[in-house]
Each structure stands twice: as structure tokens, then as C-alpha cells.
Amino acid sequence: VFSKIFSHEALESYLPKIQLVIKDTLRAWSSDPEPINVYHEAQKLTFRMAIRVLLGFRIPDEELGRLFEVYQQFVENVFSLPVDLPFSGYRRGIRARETLQKGLEKAIQEKLQNTQGKDYADALDILIESGKEHGKELTMQELKDGTLELIFAAYATTASASTSLIMQLLKHPRVLEKLREELRSKGILHNGCICEGSLRLDNISGLQYLDCVIKEVLRLFTPISGGYRTVLQTFELDGFQIPKGWSVMYSIRDTHDTAPVFKDVDVFDPDRFGQGRSEDKEGRFHYLPFGGGVRTCLGKHLAKLFLKALAIELASTSRFELATRTFPRITLVPVVHPVDGLKVKFFGLDSNQNEILTGTDAMLGATV
């Protein structure tokens, strides 16, 4: 039922809306006179993308802000010990979930009643229709659970990867410039502007260096540490017998760090995925940021598309610089992210890739 949400046709439908959300967000970041906390703002961005693009909810900005705060409280307490006492993290998480589901039910009901003015099929539309095709009319509770699942899947990991992407582009300006060169050579970027109609799904898929950059971000800064599987049949691994029915955990990070196919594993080097080297093609399961096998992440293509759209906008319409003397320390819990959130100052660009001056700076510039 869920798989159709991430089909090629569905991604093509989401793309213009994803671009619009990213454009509006970068415009807001650039207009802020103070440096922004990238990780926190990336969380807002991915939450907004999930609500507005995936679910198609028309929630006013003020209400969306309140819903985001409640959602953060829910996420912060997801891994609490199951001790149901007043003021416990578990109790706070349960209350946040109940508040969220009330808000989601209201939004779902409004969406089902108001179908006019729709210009694309969002994930919730596809989910409902996919359920009907499989002979299953989804209940309101199933719809609420499904929407919460979609938001959860799109939120933390994508915000983590978005922050890592921005940090690596700051650390490696040559990579950023090489991205711009590819966009120019493919006719996507011209005179500092994205050419109208150039960002289609097939065009983005053909950007090989951009694909290498996103792959390398996900290799070096995989948002989550690993995954779990249940043993279906007793097997032996390195002389140890693993019985049927056991739960096993595989480590994505350790796999990326120790896989023999990757050279200089600690170095950020997108070219390792280029045609001349193709280090990820030298064996199975050496590179698995989205897991592997039949239970690989359903939303991996959507996540990569979002990251590519963000990278294109960053390379095309923004100038940004680190607002602190040094880069922050990285923590791995609950997902990979900078300890202080990564403080960055964004600047708007005019069509000639020049920084737009505002206020006193503009007057000084005019005087000079």
C-alpha cells in the first residue's frame, strides 16, 4: 500500500512542491539578519515538507508552528523508558502523540471534504487510493497512524542529512563550485538563475556529480547507526550459529567505516562514486545508508530527491558562511547532527550571483 507513494510518477508530482518549500525556506534564511541554527531550521524544513507536500495539508503557518513544537516533544520522548508516571518522558510522549493525532484527524477530515483546487496527487491521496486498490478501505485511525509514520520517516533523518550536506559544502568550496559547473553544463544554471522548467526528475537524475555528493554525505554521515532484522532461518556467521527467531542488529556506520572497497574512509571525497572509481559497485552491502534487502527504506528515493533539490538551490541561489570560528563537534545520538546545531549566515543573491545588500549596508554600498 505504501510503495506507490514513492513511485517515479509520485516523485515527479511532488518535485515542484518540494522546490517551492525549499526556495521559500532559503529566502527566509537569507533575510534573517542573524546566523541560523541549521539543524533546528532543517527540522522545520523537513516537517513543513512532510505536512505541505507529502500530506497536502493546508495548515496556517501559526498552527503549523504549534504542531511542530508538539511533534518535537513527541520525537524527543520516543525512546523513553516505558514508565507511565506523571512528568516522565513516556507520559509526555504519549500526550504529545494524542495532541498530534487530534490535529492530524482535523487536517485529514478537512482534506477529505475539500478536494477542489488540487493540482497534484500527494502521498495521502495515493495512500488512500492504493488501499482501495488492495481491497482495504483505510480507517481514520489507520490514516492517522500512516500520516504520523510518514512525518516521522521524513523528519529526523532528512534533517540530519540536510545539515551534513550544508556543513560539507562549507568545508569543501571546491565541491560546491564543481556542482555549479555541472548545473551550468547541463543547462540548469544560467547567469546565476535556475532556468525555468529545467528541474524535472529525469534531469536531476542525470546529474552524476550531484549524485556522487549526496552519496558521499550519506556514506560519511549516515543519519542512523543501523537496523534490525529477525532471523528467518538458522545460519552460521564466522563460526557462530545464529538461531532462527533471534533478533539481529547490523551497523551501517561500522560497515561504511570498515568496508575494504572504500579508500581513505575519513575523507569527504564524492569522486569515489564517480565512473572512474565506482567504489560502491565493488561488492554487495558495503554501502547501505538506507539498509539493504527486501526491507530497504521505502522512502530512499524521496529522501535523495529532497537532498538533491536542496543542493541545487544552495549552489544556485545562496551564499552562506560559517558563523563560528570552528566547525562544531558531531554527535551520533539520536541521529547524526552538530552539537550546537551548526551556526551559519545566509545571504541572498541577485541574478548575477552578487550578495544583495540591505538596510545600512545598501546605503554604504551606494555611497562608495
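Helices here are DSSP runs of H or I with at least four residues, numbered from the N terminus. With that in hand, here's a quick tour of this protein chain, which is a predicted model.

**Overall build**
- The protein chain has twelve helices and eleven strands.
- Its radius of gyration is 22 Å, close to the 21 Å that the globule rule gives for 368 residues, so the chain is as compact as a globular protein of that length.
- Follow the C-alpha trace along its principal axes and you get a span of about 75 × 55 × 45 Å.
- As for what's tucked away, 46% of the 368 residues count as buried.

**A nonpolar patch**
- Val-78, Phe-79 and Phe-152 make a nonpolar surface patch of about 310 Å².
- To find Val-78, look in the loop between helix H3 (61-76) and helix H4 (89-113).
- Val-78 has 33% relative accessibility, so it counts as partly exposed; that label covers the range between under 20% (buried) and over 50% (exposed).

**A negative patch**
- Four residues, Asp-254, Asp-257, Asp-264 and Asp-266, form a negative surface patch.
- One of them, Asp-257, sits in helix H10, which covers residues 252-258.
- Asp-257 has a relative accessible area of 43%, so it is partly exposed too.

Technical notes: Residues are numbered from 1 along each chain as its sequence is written. This is a predicted model: local features need pLDDT of at least 70, side-chain atom pairs count only at pLDDT 80 or more; totals for chains, interfaces and linings use all residues. Side-chain values use heavy atoms; hydrogens and water are left out. Patches are made of residues with over 30% relative accessible area and no salt bridge: like charges are joined within 9 Å, nonpolar side chains (Val, Leu, Ile, Met, Phe, Trp, Tyr) within 5 Å. Accessible areas come from the Shrake-Rupley method with a 1.4 Å probe; for residues, only the protein chains shown count as cover. A salt bridge is a side-chain nitrogen of Lys or Arg within 4 Å of a carboxyl oxygen of Asp or Glu. Lys and Arg count as positive and Asp and Glu as negative; His and the chain ends are not counted. The place of a charge is taken as NZ of Lys, CZ of Arg, CG of Asp or CD of Glu. Helices (H or I, at least four residues) and strands (E, at least two) are DSSP runs, numbered from the N terminus. Buried means under 20% relative accessible area, exposed over 50%, partly exposed in between (1.4 Å probe, protein chains only). The radius of gyration is taken over C-alpha atoms; the globule rule is 2.2 Å times the number of residues to the power 0.38.
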